[in-house]
Amino acid sequence: MKTARCILTREDQYFMVVHHSRLFSGKRRWGLPGGRIEADESCRQALVRELQEELFIDVGDLLEVGDYQYKGHDHRIFAADCETSISRFNRSEIRSIGWHSAADLQHYDEKGLLHAGFEWRAIQDYQALTSPGF
C-alpha cells in the first residue's frame, strides 16, 4: 500500500484538496486528502497523521471504502464525517482546498480534473456502502 486517503463528507458535500506536485502540469487537479504510509504505520495510522499534518483536524470513525490503483500502486481509501470547519491547511503540501458536490466531482472526473482518476469511483463506492438497503 502506498498511500491512505480520506473521503471527508459533510451533508451532501465532499472535501477535496489540490496537492503541490513536483511534476506540476499547470492544471488544477483535485484529490482526496491523505498521503504516504510510512514503514512503521498502519493505513489508519498514516491517514490520521496525514490529516493532522495537512488539515490540522482529527476525525472520528473511519469507514474503509477499499483499495484503488494509481500508477501501479495500491491506495487505501477511507471515509469519515467531518463536522469540523476546515479553514487552515499546510500550504507547503497543499495549494487549495474546498467542499464540492457529487455533481461537481462527476464533472471533474469527466473533464480529467481529478488527481488520481479513482476519486469519483471511490465516492460512488462510499455512497453505495452507506445507502439504505445496501
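Visitor: Where does F89 lie?
Guide: This is a predicted model. In it, F89 lies in the loop between strand 5 and strand 6 (94-101).

Visitor: Buried or exposed, F89?
Guide: F89 counts as buried, at 12% relative accessibility.

Visitor: What does F89 touch, leaving out residues up to four places away in sequence?
Guide: F89 touches E54, L55 and F56, and also I94, R95, S96 and I97. The C-alpha atoms of F89 and L55 are separated by 4.5 Å. Along the chain those two are 34 residues apart.

Visitor: E54, then. Which element holds E54?
Guide: Helix 1, residues 43-55.

Visitor: How far is the nearest side chain of opposite charge from E54?
Guide: That side chain is R5, 5.3 Å away. E54 has no salt bridge, yet E54 is buried. Why no bridge to R5? A salt bridge needs the nitrogen within 4 Å of a carboxyl oxygen, and R5 is 5.3 Å away.

Visitor: Which side chain makes a polar contact with E54?
Guide: H19 does, at 3.0 Å.

Visitor: And which residues is E54 in contact with, leaving aside neighbours within four places?
Guide: H19, P33, G34, F89, N90, E93 and I94.

Visitor: New topic. How many salt bridges does the structure hold?
Guide: Six. One of them joins the side chains of E38 and R49, at 3.7 Å, N to O. That pair links distant parts of the chain, 11 residues apart. E38 sits in the loop between strand 3 (34-36) and helix 1, while R49 is in helix 1.

Visitor: Buried or exposed, R49?
Guide: R49 is buried, with a relative accessible area of 17%.

Visitor: What does R49 touch beyond four places in sequence?
Guide: R36, E38 and E41. R49 also forms a salt bridge with E53, with the closest N and O atoms 3.2 Å apart. Both residues lie in helix 1, four residues apart, about one turn of the helix. E53 is partly exposed, with a relative accessible area of 33%.

Visitor: How far apart are the closest N and O atoms of R76 and D67?
Guide: 2.3 Å, in a salt bridge. R76 is buried, with a relative accessible area of 17%. D67 is partly exposed, at 38%.

Visitor: Last one, the helices. At what angle do the axes of helix 2 and helix 3 cross?
Guide: Roughly 145 degrees, and the axes come within 9 Å. Helix 2 covers residues 102-110 and helix 3 covers residues 119-130.

Visitor: Which residues meet there?
Guide: From helix 2, A102, L105, Q106 and D109. From helix 3, W120, I123 and Q127. The residues of that contact divide into four nonpolar, two polar and one charged.

Conventions. Residues numbered from 1 in each chain as written. Predicted model: local features only at pLDDT ≥ 70, side-chain atom pairs only at ≥ 80, totals over all residues. Heavy atoms only, no water. Helix = DSSP H or I, 4+ residues; strand = E, 2+ residues; numbered from the N terminus. Buried < 20%, exposed > 50% of the residue type's maximum accessible area, 1.4 Å probe, protein only. Lys, Arg positive; Asp, Glu negative; His and termini not counted. Polar contact = N/O pair within 3.5 Å; in protein donor to acceptor, adjacent residues only side chain to side chain. Contact = heavy atoms within 4.5 Å. Axes fitted to C-alpha atoms, helices over the stretch in contact; angles between N-to-C directions. Nonpolar A, V, L, I, M, F, W, Y, C, P; charged D, E, K, R; others polar.
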